Amino acid sequence: MRLTATVVIALRALRRNKLRSVLTALGIIIGVAAVIAMVSIGNGAKSLVEGQIASLGRNVISVFPGSATTGGMRGGWGTSSTLTIEDAQAIEREIAGAVAVSGEVRDRQQVLANGLNWNTSILGESPGYLSIRDWELSSGAMFTAADERSTAKVAVIGQTVVTNLFPDVDPIGQTLRIRNLPFKVVGVLKPKGFNFFGSDQDDVVIVPLTSAMRRVSRRQNLSGILIQAQTPESISRIQQDITDLLQQRRGGREPDFTVRNQMELAEAATATSRTMTALLGAIAGISLVVGGIGIMNIMLVSVTERTREIGIRLAIGAHDRDVRMQFLIEAMILSILGGVLGVALGIASSEIVSSQLGWPVLVSTSAVVIAVVVSAVIGIVFGFYPAHKAARLDPIDALRFE
Amino acid sequence: MQPVVQLENVTKTYSNGEVEVHAVRGITLQVMPGEFVAIMGSSGSGKSTLMNVLGCLDRPTSGRYLLDGVDTSGLERNERADLRNRKLGFVFQGFNLLSRTTALENVELPMLYSAERISSAERRRRAVQALDIVGLSDRAEHLPNQLSGGQQQRVAIARALVNRPQVLLADEPTGNLDSRTSVEIMGVFQKLNEEGITIMMVTHELDIARFCRRNLIVRDGRIVRDEAVPDRLVAAVEMQRLREAETAAKLIGST
Ligand SMILES: Nc1ncnc2c1ncn2[C@@H]1O[C@H](COP(=O)(O)OP(=O)(O)OP(=O)(O)O)[C@@H](O)[C@H]1O
Ligand SMILES: [Mg+2]
């Protein structure tokens with residue numbers, strides 16, 4: 001018997017019991033919807049995190065004060081302040097393949113200009129900072145190494161600062177006052193918007209590191225050192241070299257610094273989402289199996305209910321294969337229907353989640369294909385026993401069945 | 001000419017645990033093409049069991065059954081299914097139509113299981129033709145529950161006919177029908193028989209058996225009488241007589 005005819009027969013049977021068919025497929029629908037929603041939202045979140053990590057710069061290695069091994073990691077960072085400008089200079093001098101190095105101090109200060117004032121974050125950095133962060137200027141120029149040596153009072157400012165302090169004038173060449181000291185604006189950054197953690201990356205004033213240390217925050221220690229590696233491949237070697245160098249500079253003392261690269265940050269950020277994905281995946285898998293059992297249950301009921309029909313088909317010449325195919329295809333149509341509806345529901349619900357959370361949603365084609373294929377396989381696996389049972393019936397017994 | 005149905009000492013024994021029921025105890029029988037045989041006998045005498053063997057729905061316990069010269073005893077399940085599909089047509093007492101399936105689709109069913117590939121247009125054409133033979137082409141799209149018992153049985157006959165079988169088997173085809181509808185069905189059978197189809201049917205009713213050409217009486221799993229019908233009834237004539245009787249009854253009733 002031809003397959004098309006079997007499909008037609010199976011479709012007719014399902015159409016006669018529309019509500020039951022939909023309810024039977026419901027388990028699969030929910031399972032597949034869960035998988036699709038989970039994968040789409042997970043992918044979206046991952047791409048978001050990856051984008052944000054990438055916005056930290058290219059091939060960046062960071063050194064934080066405080067050790068990861070003594071005390072808590074987070075508690076350690078930045079609290080004990082032992083990184084010095086000499087550390088940064090040593091790295092710049094001795095580490096091969098470090099194309100840019102910038103010691104960093106962070107501070108918040110009230111900034112005045114034009115009779116306006118604005119509270120913003122003051123970054124003390126080296127001239128290489130823009131290259132490390134992959135930031136660009138919209139006008140003017142970055143201060144120079146000479147400015148850094150001479151603790152020059154120059155600044156590069158972000159767009160938010162421009163809006164708040166220089167609303168109607170070209171800021172280049174203007175003066176702004178930090179702690180009552182005049183700094184000359186030499187450059188304006190291109191706008192970048194908010195970062196992953198929700199802070200405004202344009203709300204910034206960058207001054208030479210030395211100027212920040214001596215004139216603004218009056219600190220001896222750095223909040224961190226940023227290093228840009230030449231190539232992604234060299235990152236781990238450079239990371240190791242930096243660790244060795246700083247360790248050597250400290251003699252035999254306990255390490256009081258932490259060296260991290262961007263990849264590790266990205267991994268930390270995605271590790272949680274991966275755990276979530278695995279958990280949801282397990283739940284989705286279980287609900288698919290439960291859905292499959294639901295299909296098997298209904299197919300068994302259906303075979304019993306339709307024993308007479310099977311008897312008639314066998315009596316007029318159906319082979320056992322024809323009957324088996326008929327019920328197998330019915331189960332498959334149910335589960336594929338469940339898969340397709342589940343994909344639709346999954347996409348719809350992830351769209352809703354994304355519009356609520358403002359996350360991007362990436363519906364992966366492979367997840368959709370896999371979901372539909374898996375549900376078809378579930379149909380075959382769980383439909384096989386009922387179909388086999390139907391095909392094994394004796395025509396006379398089946399015809400006599402009341 | 002070779003017999004189309006040939007039974008040689010066929011027996012059928014059912015064994016339910018310890019009890020053995022000898023439903024058929026050795027039947028030898030030859031039916032030539034074009035015959036029209038009625039099988040009669042009291043309840044439990046083994047008629048249905050015999051029909052199931054003849055219909056290749058069941059295997060004999062012993063003996064040989066040759067259908068159209070082919071020994072069926074060695075055939076396996078699917079080969080017997082093919083025989084049922086190609087060479088045999090079966091009509092049941094309870095019609096056995098697929099519910100919620102139109103008359104036309106019911107008649108198309110055997111063609112879905114044919115070894116030869118039949119296009120859906122051709123399937124439809126043959127099904128309509130078969131319905132036409134039983135006088136039901138105007139009911140093609142009706143569901144079984146929208147048809148009278150006689151009409152349902154005619155759909156079942158059309159389904160049995162549609163693959164042009166050599167033998168039409170019917171187990172009490174008129175058992176669920178009133179006498180007038182029974183005569184109608186016998187009319188269909190007589191027409192088919194005149195066109196050359198061999199028919200074997202089981203009936204309890206002597207009147208119905210008289211429409212056939214040959215009568216077998218079965219008792220206790222054996223054929224005890226086998227005779228030609230001397231004064232065969234013709235369905236058309238009987239219908240006419242019934243109609244006249246009805247008119248007469250109405251006239252009497254109305255005065
Ligand atoms: N599946 C079965 N298992 C056991 N015994 C059976 C089975 N089918 C039929 N029989 C027995 O075989 C005998 C013949 O049954 P069968 O159905 O052939 O009779 P029948 O002549 O068709 O009767 P009726 O006129 O009532 O239909 C009966 O005694 C019946 O009880
Ligand atoms: Mg019987």
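Mentor: Start at the ligand. In this predicted model, a polar side-chain atom of B:Lys47 sits 2.7 Å from an oxygen atom of ligand 1.

Trainee: What makes that a polar contact?

Mentor: The cut-off is 3.5 Å between N or O atoms. The B:Lys47 pair is at 2.7 Å, so the pair qualifies.

Trainee: Which polar side-chain atom lies 2.5 Å from an oxygen atom of ligand 1?

Mentor: One of B:Thr49. With a limit of 3.5 Å, that pair is a polar contact too.

Trainee: And what of the backbone of B:Ser45?

Mentor: A polar backbone atom of B:Ser45 is 3.3 Å from an oxygen atom of ligand 1. That is within 3.5 Å, so this pair also counts.

Trainee: How much of ligand 1 does the protein cover?

Mentor: On its own, ligand 1 has 630 Å² of accessible area, and the protein covers 68% of that.

Trainee: Which elements give two or more residues to the shell around ligand 1?

Mentor: In chain B, β1 (5-16), β2 (19-31) and α1 (47-54). The most comes from α1(B), with 3 residues.

Trainee: Which residues come nearest to ligand 1?

Mentor: There are 15 residues around ligand 1, and B:Ser43, B:Gly44, B:Lys47, B:Ser48 and B:Thr49 come nearest. By class, the shell has 9 polar, 3 nonpolar and 3 charged residues.

Trainee: Why is the site called shared between chains?

Mentor: Because the residues that surround ligand 1 come from chains A and B.

Trainee: On to the interface. Why is the pair B:Glu105 and A:Arg12 called a salt bridge?

Mentor: The rule wants a Lys or Arg side-chain nitrogen within 4 Å of an Asp or Glu carboxyl oxygen. In B:Glu105 and A:Arg12 the closest N and O atoms are 3.1 Å apart, so the pair passes. Across the interface of chain B and chain A, the rule finds 2 salt bridges.

Trainee: How many residue pairs are in polar contact between chain B and chain A?

Mentor: The count is 13, with both residues at pLDDT 80 or more.

Methods. Residues numbered from 1 in each chain as written. Chains lettered and ligands numbered in written order. Predicted model: local features only at pLDDT ≥ 70, side-chain atom pairs only at ≥ 80, totals over all residues. Heavy atoms only, no water. Polar contact = N/O pair within 3.5 Å; in protein donor to acceptor, adjacent residues only side chain to side chain. Near = heavy atom within 4 Å. Areas by Shrake-Rupley, 256 points an atom, 1.4 Å probe, with all protein chains shown as cover. Helix = DSSP H or I, 4+ residues; strand = E, 2+ residues; numbered from the N terminus. Nonpolar A, V, L, I, M, F, W, Y, C, P; charged D, E, K, R; others polar.
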